[in-house]
Amino acid sequence: MAGIIKVEHLAKTFGTNEVLKDIDFSVSSGDVISIIGSSGSGKSTLLRCINLLEEATSGKILFHDKDVLAGAINEDEYRTKVGMVFQSFNLFNNLSVLDNCMIGQVKVLKRGKEEAEKNAMEYLAKVGMAQYIKAKPRQLSGGQKQRVAIARALAMNPEVLLFDEPTSALDPEMVGEVLDVMKILAESGMTMLVVTHEMAFARDVSNRVIYMADGRIEEEGSPEDIFSNPRSPKTKEFLSRFRGEKE
Amino acid sequence: MTISEMNFFQRMLYILQDYGGSLLAGAATTMAIALICTFLGCVIGFAVGLIQTTEPHKKDGAVKRGVLRVVKLILTAYVEVFRGTPMMLQAAFIYYGMSSVFGINLGMWSAAIIIVSVNTGAYMAETVRGGILSVDPGQREGARAIGMSHMQTMVYIVLPQALRNIMPQIGNNLIINIKDTCVLSIIGTVELFFTFRSISGALYTYFEAASVTMIIYFILTFTCSRILRAIESRMDGPANFDLATNDTLAFTSGLTKYNDKTGGMH
Ligand SMILES: Nc1ncnc2c1ncn2[C@@H]1O[C@H](COP(=O)(O)OP(=O)(O)OP(=O)(O)O)[C@@H](O)[C@H]1O
Ligand SMILES: [Mg+2]
């Protein structure tokens, strides 16, 4: 499988706080990678560095072998190819659902209005929100907002989609509808990098799991490896604590 | 019947009959200056507020950072000076200063418009800065994440929301401007207050002239505040939205219908 993103020795410090240390991993086409780990382990920071919302302190991010941090690819163009779905949705409050899904296509990708609308409608239908095109974000429930946010990201036709705890801000009864959409995406071959606390999703949907602790990748492997025979004691402790919390 | 024999209402009527035309002209001048200057003040305010909230890009060199700092400093000075001194003195300062120091004779209109716009701009700059900062940073991140440039993010996402947030203050400024154009009478602008002074000077009926003029001012400000409210609720759009039908024909022709099983607010 073709490599899309390669992260090499990535580090990030806030002041004197080393949040990410020597992160190394790669994302290939069709990968669905779950990133798990306790709060404060640096998962969000890692995604934000990959999407250039934070500037990495050192290390490399290679996108199709192009050095992103060295400016080998235009920052905005890179972002159109690496979509992001946020915990807090971040839908544009001043725009309708349809316009949320069109504005990037029209203004950034310079697509025609008709093409953009057709494309937006296709993805809105996919996430089950085609009926809501006229609504403003404030008129939607959390689960609906997140599904629109996913459609907005998909409408840009990115190569990779980053998810930062897409269900953490949702009421329990809405978590399922968003996870279902993500499952369908994963099955359709979308390349995804998902920070999540939903262990069932990590175990059943992803093909690789990364466990982070204290800013490092503590363990990486297939879901069976991580959930059935974790090698690191830290991973074991995290998973058992997690099971304890859940049951 | 002479003026001195009339009662209060007869005098007001007399003023309206004899000076209705000049009062109307004065009111029109006042409204024109207030509207034009509030608009120009907003343009200035948005430009200044936008620059004030611009952070230098990580990769910007020392020169660019330096220029930005100097520009911000000058703009801060502008805002503080114009907010910190009376507009009446600013009017005298600019109007008479221009003619005596530079030999430039600003016409009545251009002097009035420059003074009130620049003054409004100083207030609006702070308002716009606050309005921009009040927009959730997540909005900016959402826009950046789909590849929008800083400029696009501001123009399509942040500023429209900032504008909505500060609409009440824009309305406030318009109403203040309607009333405060009266200070322009110091440079001879024939607006509503100037008209009041002419009438009361000619007829010696201060009380009645003041009453009539106050009523006119109030009608102007009250109408404007109602219109602005209406604009605000228009900007908010309808409280409910219609669900689009699944009928593709209806969709392409822009037809939608309300589905009362699932529709409405959530
Ligand atoms: N902008 C910032 N400035 C300073 N420190 C920050 C900043 N953002 C994050 N941090 C710190 O970096 C560390 C990692 O934060 P991060 O949000 O990446 O953790 P996380 O793994 O996503 O946690 P959670 O599961 O709670 O979302 C934390 O200690 C946090 O305080
Ligand atoms: Mg996080």
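Analyst: Residues are sorted here into nonpolar (Ala, Val, Leu, Ile, Met, Phe, Trp, Tyr, Cys and Pro), charged (Asp, Glu, Lys and Arg) and polar (the others, Gly among them). The model is predicted, with local features needing pLDDT of at least 70 and side-chain atom pairs pLDDT 80 or more, while totals for chains, interfaces and linings use all residues. Residues are numbered from 1 along each chain, chains are lettered from A and ligands numbered from 1 in the order written, and side-chain values use heavy atoms, without hydrogens and water.

By these classes, the lining of the largest pocket holds eight nonpolar, four polar and eleven charged residues. A pocket is an open set of points on a 1 Å grid over the protein atoms alone where a 1.4 Å probe fits, with protein on both sides within 12 Å along at least five of seven lines, and lining residues have an atom within 4 Å of a point. The lining numbers 23 residues, and those nearest the pocket's centre are B:E55, B:H57, B:R140, B:R144 and B:H150. Two or more lining residues come from each of helix 2 (75-81) of chain A and, in chain B, helix 2 (62-84), helix 4 (108-133), helix 5 (137-145) and helix 6 (150-180), where helices are DSSP runs of H or I with at least four residues, numbered from the N terminus. Helix 5 of chain B gives the largest share of the lining, four residues. The space in the largest pocket comes to about 740 Å³, a volume being what is filled by probe spheres set on the points.

For context elsewhere in chain A, helix 3 (residues 97-108) and helix 5 (residues 142-155) of chain A pack with their axes, lines fitted to C-alpha atoms over the stretch in contact, 8 Å apart.

How values were computed
Axes are lines fitted to C-alpha atoms, for helices over the stretch in contact, and angles run from 0 to 180 degrees between N-to-C directions.
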